[in-house]
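Hello,

Here is the structure we talked about passing on. Please open it alongside this note; my findings follow below.

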Amino acid sequence: MENKHIDHLFRYHSGKMVSVLTRVFGLKHLDIIEDAVQDTFIKASLAWRNKQPENPEAWLTRAAKNRVIDIFRKLNTEKKHLPTLTYGTDAIAINELFLDSEIKDAQLRMIFTACHPKLDPKDRIAFALKTVSGFSSKEIASALLIKEETIKKRLTRARKSIQKSKLQFKIPQGKSLPLRLESVMEVLYLIFNEGFHSNKSDKLIRKELCGEAMRLCKMLLQNEHTRSSATYALFALMCFHSARIEAKTNSEDEILDLEHQDRSLWHFPLVALGNTMMNKAVDDDTFSCYHYEAAIAAEHLRARTFEDTNWSKILEWYQCLYDIQPMPIHLLTMAVVSMQDSNLKDAKKFLDQLESKDLEQRAYLYYGALSDYHKLNSNYSEALTAIDKALELVNNKLEKEHLAKKRFKLIEPSQLN
C-alpha cells in the first residue's frame, strides 16, 4: 500500500484512536497512547504492502488498543492500571466505547480537554491540533505561524499541565461551556485554514485537512450542548471556502486568484449548504468573527464575475471583523480590498499600520501587497524591490511561481520607469 494512503488514514483516524483510547486508559497515559497509535501506523505500512484489510479503520483501532495493552504489560503496570480486558463486563464496556456514537463523544471530550482553561491559551490550540487531528509539530507551527521549537515546548507544557491539574476527560457544562467552545472553534478554524491555504512547500491545498475540520465542526453541530450561532457561522464559512477549492489552481497546478478563477467550477451545492447554515447562524443578534468572515466569502460567491464584486461591501464587513478581532492579516486584506476598489489612499493607510514582522511566516503577503500598491502608483522599481522580498520569504512552491510571474510582468515597465 502506498505511503500516501497510510498518511491519509492517519490524518482521518489517528485523532479518533487517541481520543477513544484516552477514554479507556486515561489522560495520564496520553504519551503512551500517542506512541502506540504511531507504532500502529508503522505496523500498518508494513502489513498492508500487498493487501489492505477489509475494514482498515477497525484494524487500526484494534491494533492500537492491543499495542497500548502490550506496552503496559511490558512496563509491568497492567495490574496497577488496567482492568481485565479480555472478558466479562469490563470488556463489553470497552468494546462499546468503539461504537461510532461513542467515538464521536470521545473526540469531543478530547478537544474540550485540550481547550481547558487551566492550560495556557497558546498551548491549548497546539495541543488540540496534535491530539485531535494528528498534526505534526511542523504542521502546527505552519498553522499557527510560529517556530516549530516553540510548538514542541507548548506540547510538552500542555501535557505537564494536564498531569499536574488532573484534568477530567469530559465535555464541560453550564457557564464554562461557551468560553471553552470558543477555543474549540478557533482550533477548527486553524485546521481548515491550513488545508485551504497550506504553508507546505509543495502543495497549496490539502483537502483532507479541510474535510477533517468540517467533520469536527459538524460534530459540534450534532451535539445540542455545543451547537451555537457561531458554530453554524463557522461551518458556513467552511462550506463557502470549500466551494471554491477546485478553481484555486488550473490543470498545470498554477495558482489562480479570484479574478482568473473559472467560476463554473465553484461547487454550488456547498454554497447552498453554507447559505442554510448562515440562516441558522443569524437567529440571534450576536455576531462572531466567523459571521463576518462567512459574509465576506458569501459576497465573493454572489458576484457573477470578478468585475461584479461589491468591494465596498466587503471592506465594510472587514472593518466589522477588525473591530472585534484586530489582527494584522485583516489590515493587510483591507489594504488589498481598497486597491481592488481603486482606493489607493485607504490602501496606503492600512499598509502604513503594518510591518512585515506582524505577519510572521506570512510576511511575504505584506510584500506582495506592497508591490501591488507601488505598481498601481506606477512605481515599478519599488514594486520590483517589494516582490523580490516576497519571493525571498515565501515557502510554498506554487505561490513562489505565482509571484515570479507577477515579477516578470514588472520588469519591462521598471526599465522604462
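**Helix α9**

This is a predicted model. Start with helix α9, residues 148-165.

Which residues of α9 are buried? They are Ile151, Arg154, Leu155, Ala158, Arg159, Ser161 and Ile162. These cover an arc of only 160° around the axis, so they sit on the same side of α9. The face turned away from that buried side carries exposed Lys153, Lys160 and Lys164. Lys166 follows α9, with a positive phi near 50°.

**Nonpolar core**

The largest nonpolar core has 130 residues. Phe112, Leu144, Leu188 and Phe240 touch the most other members. Take Leu188. Leaving out residues up to four places away in sequence, Leu188 touches Ile111, Ala213, Leu216, Cys217, Leu220, Leu234 and Met238. As background, nonpolar side chains in soluble globular proteins tend to be buried together.

**Aromatic pairs**

The structure holds seven aromatic pairs. One is Tyr189 with Tyr290: the ring centres are 5.8 Å apart and the planes are at 50°, so this pair is tilted. What does the pair tie together? Tyr189 lies in helix α10 (residues 176-196) and Tyr290 in helix α14 (residues 289-302), so the link joins parts 101 residues apart in sequence. Tyr189 has a relative accessible area of 22%, so it is partly exposed. Tyr290, at 7%, counts as buried.

Tyr292 and Trp317 form another tilted pair, at 6.0 Å centre to centre and 40° between the planes. Tyr292 is in helix α14 and Trp317 in helix α15 (residues 311-324), so this pair ties together parts 25 residues apart in sequence. Buried or partly exposed: which is Tyr292? Its relative accessible area is 14%, and the cut-off for buried is under 20%, so Tyr292 is buried. Trp317 is at 22% relative accessibility and counts as partly exposed. Ring pairs also link Phe287, Tyr292 and Trp317 into a cluster.

**Charges over rings**

Where does the charged end of Lys313 sit? It lies over the ring of Trp317, 4.7 Å from the centre. That puts Trp317 in contact with two topics here: the ring cluster and the charge over its ring. Lys248 lies over the face of Phe196, at 3.8 Å from the ring centre.

Best wishes

Conventions:
Residues numbered from 1 in each chain as written. Predicted model: local features only at pLDDT ≥ 70, side-chain atom pairs only at ≥ 80, totals over all residues. Heavy atoms only, no water. Core = buried A, V, L, I, M, F, W, Y, C linked by side-chain atoms within 4.5 Å. Buried < 20%, exposed > 50% of the residue type's maximum accessible area, 1.4 Å probe, protein only. Contact = heavy atoms within 4.5 Å. Helix = DSSP H or I, 4+ residues; strand = E, 2+ residues; numbered from the N terminus. Arc of directions from axis to C-beta. Phe/Tyr/Trp six-rings, centres within 6.5 Å; stacked < 30°, edge-to-face > 60°. Lys NZ or Arg CZ within 6 Å of the ring centre and 35° of its normal.
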